[in-house]
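Colleague: Before I use this model, I would like to go through the terms one by one. Please set each value against its definition.

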Amino acid sequence: MAQTIRWGILATGLIAEAFAKDLLVDPRTRRVTSIKHSVVAAASSTSDTRAQEFLTKIGASSANAYGTYKELVEDPNVDIIYVATPHSHHYQNAMLCLEAGKHVLCEKAFTVNAAQACKLVEKARERDVFLMEAVWTRYFPLSIYVREVITSGTIGEVTRVFADNSMAHDVEANWPDGKHRMVNPDLAGGALLDMGIYSLTWVFQTLYSTQSSPKPPRVVSSMRKYKTGVDELTTILLTFPRSTGDAHAVATCGFRTASDPDGQGTGGPAVRVQGTKGEIQVFPPAFRPTRTKLVLENGTVDENIFEYPGPGAGSGWFNGFSTYLHAEGEGHGMFYEADEAAYALVECRKEGRLQSLQESVVIMEVMDEVRRQNGLRFADNIETTDWPVYF
Ligand SMILES: NC(=O)c1ccc[n+]([C@@H]2O[C@H](COP(=O)([O-])OP(=O)(O)OC[C@H]3O[C@@H](n4cnc5c(N)ncnc54)[C@H](OP(=O)(O)O)[C@@H]3O)[C@@H](O)[C@H]2O)c1
Ligand SMILES: *[C@@H]1O[C@H](CO)[C@@H](O)[C@H](O)[C@H]1NC(C)=O
């Protein structure tokens, strides 16, 4: 008998919708039989009408609709809450859930800074609940394959990684008033926290979590700012200390140049993981890749395509984020992280298997250091570890 996990959705924006729709896809379409997901409640910070509209849109209209996040965390039928507010609000909202004794899956970037991440981890341990950063990319079969290529020794000792996650936006035209969360400092906007997290995810899941006792990297970085004060172009050079000799990585992100200029992957890989015997390449977008290429010194070239499951062609079902809708019946891919959270609840684990909370904290420390080096600090009420703070 499959065990059903009862989800509460905190926020009603674009990614909350994509996530909730993926949740409700029959898990058997991805050969998962021991767990199921249900959406039992959603909350909007603005009104219960908005929450109800959200539930209707995702096909869960009989679930509870709340006009405050507080009511959601008090719903006894909710096992786990998915937090999908802007970065600025993750700490406040996740803490609200943890204080109420709920398990939490919190969108990336986990928090605004490492101090907040540490406090969430402490609180989760104190309440003995599950907590995970929703870095969906880690849980894709493609990512699992790439890590296996590394840990099996197929490309030799990995000493260098390039990882880019950039999209060319017409920044002034798309977000003219500077209020959109991508560029708004009051919502902890900027390329680093929104997009750089994926470049760092690739660096960390290839150079850090593949090691038996990894050490945090040293960091040097450069940043170009947008007129609102957030970063629009960020480049990070990371040095990972190792007993066999340091490994290097370059992690980049930006709003004005693209990893994939024509949207067809023609421009080359977004990620190159280079070892002494060859390399594994991952084609853009780095946050939801579908194609890899293994190139070995002995002449082997092996390309792989990873398809995202879902209800399939003819289902009339569409998912995707914002304007990036996928082919009919093809999932966005967020169910893989949801499955991991569900398995954890069933197995009474308090962390995800593929990215420890400690690793999420180290990644936040890297982003803290990049911001420190380049003088990017958000308002005190956003950087604070005080709770509750209302803004
Ligand atoms: N995993 C991914 O692929 C992915 C993709 C995109 C975004 N994200 C992450 O998901 C989070 C949300 O992104 P999004 O694109 O869904 O943003 P969005 O469309 O702007 O939605 C954010 C939602 O947060 C709630 N919210 C509460 N207070 C808010 C405030 N002061 N200003 C704006 N919204 C507020 C709103 O819902 P209610 O008020 O109705 O509750 C709003 O709809 C971010 O952390 C982002 O990095 C992840
Ligand atoms: C090259 O090396 C790979 C990995 O060790 C191996 O699977 C493959 O058979 C080799 N190919 C040739 C042509 O030697």
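Modeller: Start with the word "near": a residue is near a molecule or strand if one of its heavy atoms lies within 4 Å of it. By that rule 26 residues surround ligand 1, and T12, S44, S45, Y69 and H87 are the closest. This is a predicted model, in which local features need pLDDT of at least 70 and side-chain atom pairs count only at pLDDT 80 or more, while totals for chains, interfaces and linings use all residues. Residues are numbered from 1 along each chain as its sequence is written, chains are lettered from A and ligands numbered from 1 in the order in which they are written, and side-chain values use heavy atoms, with hydrogens and water left out.

Colleague: What makes the pair formed by H90 and ligand 1 a polar contact?

Modeller: A polar contact is a pair of N or O atoms within 3.5 Å; within protein, one must be able to donate a hydrogen and the other to accept it, and residues adjacent in sequence count only if both atoms are side-chain atoms. A polar side-chain atom of H90 is 2.9 Å from an oxygen atom of ligand 1. For K108, a polar side-chain atom is also 2.9 Å from an oxygen atom of the ligand. I15 takes part through a polar backbone atom, 2.9 Å from an oxygen atom of ligand 1. Taken alone, ligand 1 exposes 890 Å², and the protein buries 83% of that; such areas come from the Shrake-Rupley method with a 1.4 Å probe, and for residues only the protein chains shown count as cover.

Colleague: Which helices each supply at least two residues of the shell around ligand 1?

Modeller: They are α1 (14-23), α4 (87-99) and α8 (191-207). Helices (H or I, at least four residues) and strands (E, at least two) are DSSP runs, numbered from the N terminus. The most comes from α4, with three residues.

Colleague: How do the residues of that shell divide into nonpolar, polar and charged?

Modeller: Twelve are nonpolar, nine polar and five charged. Ala, Val, Leu, Ile, Met, Phe, Trp, Tyr, Cys and Pro count as nonpolar, Asp, Glu, Lys and Arg as charged, and the others, Gly among them, as polar.

Colleague: Why is ligand 1 said to lie between domain 1 and domain 2?

Modeller: Domain 1 (1-137 + 313-390) and domain 2 (141-305) both give residues to its shell, so ligand 1 lies between them. The bounds come from an automatic or database domain assignment.

Colleague: Why is S166 called buried?

Modeller: Buried means under 20% relative accessible area, exposed over 50%, and partly exposed in between (1.4 Å probe, protein chains only). S166 has 6% relative accessibility, so S166 counts as buried. The residue lies in strand β7 (residues 158-166), and its side chain makes a polar contact of 2.7 Å with the side chain of D164.

Colleague: What makes α1 mostly covered?

Modeller: Nine of its ten residues are buried, among them I15, A16 and F19.

Colleague: Which peptide bonds are cis here?

Modeller: One joins P284 and P285, with omega about 0°. Another runs from W387 to P388, with omega near -5°. P285 is in the loop between β12 (278-282) and β13 (291-296), and P388 is in the segment after α11 (380-383).
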